[in-house]
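Morning. Please have the sequence and the model on the screen.

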Amino acid sequence: MTLITLLARELADATDDLLAGAARLGDAETAAPSALPGWSRGHVLTHVSRNAESIVRLLTWARTGEETRQYPSPETRDAEIEAGAGRPAAEQLADLTRTSVRLADEIASMPASGWQGTVSGMRPPPHPGWYLLVRRIREVRYHHVDLAAGYGPRDWPEPFALRELHDCLACWPYGMSTIGEIRLSAPHARVFGGLGDGPAVTGTATDVLAWLTGRSAGEGVSVVSGKGEPPSPPPWMVTTAPADLPAAPPEEYP
């Protein structure tokens with residue numbers, strides 16, 4: 001089974017989870033605040049729908065080699081989210097379903113050569129087309145948590161948490177780090193050292209990832225010495241992609 005097949009299945013599962021969560025929201029719940037400052041749940045759902053369309057544009061770029069930017073401009077992206085945020089729950093769900101199906105169709109029809117095409121998101125660095133699947137899974141899983149509607153970081157599948165932690169550390173903010181080491185607890189015991197000044201912290205991959213990405217206040221994360229609460233996490237520095245990804249989809253990632 002190829003990496004593309006595995007990531008496509010993972011994306012389908014993440015999308016199904018989000019669609020099921022969105023289907024449980026009524027109009028008042030959709031209009032209520034999300035976990036993201038200044039955004040309602042309608043903002044979050046609209047963003048995920050527009051992001052699906054933007055990934056289709058990037059897949060087109062990867063397939064054809066002709067530049068098709070993710071968004072015309074940051075201002076256009078923000079305006080589209082704002083314009084769609086106030087729609088009723090049924091419209092939000094229909095939009096999310098339609099755009100997700102369109103994206104799945106584009107992924108299914110992508111030729112093998114297209115996954116090696118180079119594209120650029122709104123932030124550097126450029127990356128190969130296959131990494132678009134990782135990016136879309138990230139959008140769906142993180143923003144499902146941001147809906148603040150019963151789905152939390154501990155609902156993230158372990159493979160997702162481990163991959164995202166890998167990419168988070170690949171973009172580590174050296175010079176701004178508040179911790180020196182991360183020690184993952186069982187069943188995925190690993191040590192990530194040399195991260196900067198500060199204490200060592202420990203927790204599961206999911207709990208550490210939620211803390212580093214601002215999706216928790218540090219539940220399940222503790223200082224190894226046992227003295228005091230963990231410091232504030234460093235700035236979350238996952239950009240568009242880690243640098244120097246292989247052009248061809250590897251056998252597994254990370």
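Start at Leu184, whose bridge partner in strand β5 is Gly203. Before going on, the basis: this is a predicted model, with local features needing pLDDT of at least 70 and side-chain atom pairs counting only at pLDDT 80 or more, while totals for chains, interfaces and linings use all residues. Residues are numbered from 1 along each chain as its sequence is written, and side-chain values use heavy atoms, with hydrogens and water left out.

Strands here are DSSP runs of E, at least two residues, numbered from the N terminus; two of them pair if DSSP finds at least two bridges between them. β3 covers residues 181-184, and β5 covers residues 200-203. The two run parallel, joined by four bridges. With β4, residues 190-192, β3 pairs in the antiparallel sense over three bridges. Arg183 has Val191 of β4 as its bridge partner. Five residues separate β3 and β4, and the two strands form a hairpin.

Which residues of β3 lie on the covered face? Ile182 and Leu184 do, whereas Glu181 and Arg183 lie on the uncovered one.

Now the rings. Rings of Phe, Tyr and Trp (its six-membered ring) pair if their centres lie within 6.5 Å; planes under 30 degrees apart count as stacked, over 60 as edge-to-face and the rest as tilted. That rule gives six aromatic pairs. In one, Trp130 and Tyr131, the centres are 5.8 Å apart and the planes at 80 degrees, so the pair is edge-to-face. Ring pairs link Trp130, Tyr131 and Tyr253 into a cluster.

Buried means under 20% relative accessible area, with a 1.4 Å probe and protein chains only, exposed over 50%, and partly exposed in between. Trp130 is at 0% relative accessibility, so Trp130 counts as buried. Tyr131 is buried too, at 0%.
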